[in-house]
Amino acid sequence: FARQGVFTPDMINPYISDEDKAKLRELLKTVRNEGLNTPPSLQGTISLPGHNGGANWGSSAVDPLKHMYFVVSKQMPVDDKLFLEKDPAKLAKAEADMPNGGGDVKPYKSNVDFMLQSNGLPAINPPWSLITGYDMNTGKKLWSLPDGEVMMLAQKGIHDTGSTAPRGGPVATGGGLVFVGTSSDRKVRARDEKTGKVLWEQQLDAASEGVPAVYEAGGKEYVVFAVGGDGLFPPKLGQPKPGPNRYVAFALPSGK
């Protein structure tokens, strides 16, 4: 349900500057880029989908009656480049604290490089996130669609890119809906669990993250989203200042 393997030059994001594209092409010539399970290295190693990609926290939901499974996934490569502590005293302490440290056994570290480009977008081409539905009895993939958008691209008519770094988990309801929020477009959506089609969406003034809460009170069903801030990696994506942190609850009108 997420891209994995080798990051090839034809996968470079078309929505970044020509200068950034050229830098990425040069980077791909020097780093280790050999697919899954390639270890971090001194020259740098591309990891796809990366340790912030694939299925992250709060990423899945189940309809236990219809035996359906839904998962949100991110597609964000990282560059894992090893280095040693430059301060001799700190390096010596790290070696002393490391099991079997010393000699050829060195306490290497790795920076967290999500390869975000000068306009804040990922290095790889979209979609940057997906939501996928499965039949749990057969394992068959029923549908897989971009999960959200990016506000600054949607305003230019570029849609279906997926949110760049969503941390909104889905929730499935008894009525056959899957609710999920996305941060880089500040929207929440209800999808048809059989097809993934968006049946309803609502624009918010801030990001929604985490898993929605669904409950009944006074004979009415509610779905509640935690809203606030702009989620992961927001500064360069061009969103206006977010609204206040709060919970936003939705419900059908009375009598429905």
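Buried means under 20% relative accessible area, exposed over 50% and partly exposed in between (1.4 Å probe, protein chains only). The model is predicted: local features need pLDDT of at least 70, side-chain atom pairs count only at pLDDT 80 or more, and totals for chains, interfaces and linings use all residues. Residues are numbered from 1 along each chain as its sequence is written, and side-chain values use heavy atoms, with hydrogens and water left out.

View 1. Helices (H or I, at least four residues) and strands (E, at least two) are DSSP runs, numbered from the N terminus. Buried in α1 are Asp-20, Lys-21, Leu-24 and Leu-28. They lie on the same side of α1 because their arc around the axis, taken from the directions from the helix axis to the C-beta atoms, is only 100 degrees. Asp-18, Glu-19, Lys-23, Lys-29 and Thr-30, on the other side, are exposed. The buried residues pack against β1 (45-47), where contact means heavy atoms within 4.5 Å.

**View 2. An open sheet of 4 strands.** The strand order is β9-β10-β11-β12, with antiparallel pairing; two strands pair if DSSP finds at least two bridges between them. β9 (171-172) and β12 (198-203) each have a single partner strand, so one side of each of these edge strands lacks a neighbour in the sheet. Strands β10 (residues 177-182) and β11 (residues 187-192) are joined by 6 bridges. Opposite Val-178 stands Arg-191 in β11.

**View 3. Surroundings of Ala-154.** Ala-154 belongs to helix α3 (residues 151-154). Leaving aside residues up to four places away in sequence, Ala-154 touches Glu-149 and His-159. Glu-26 is 128 residues from Ala-154 in sequence and 30 Å from Ala-154 in space, C-alpha to C-alpha.
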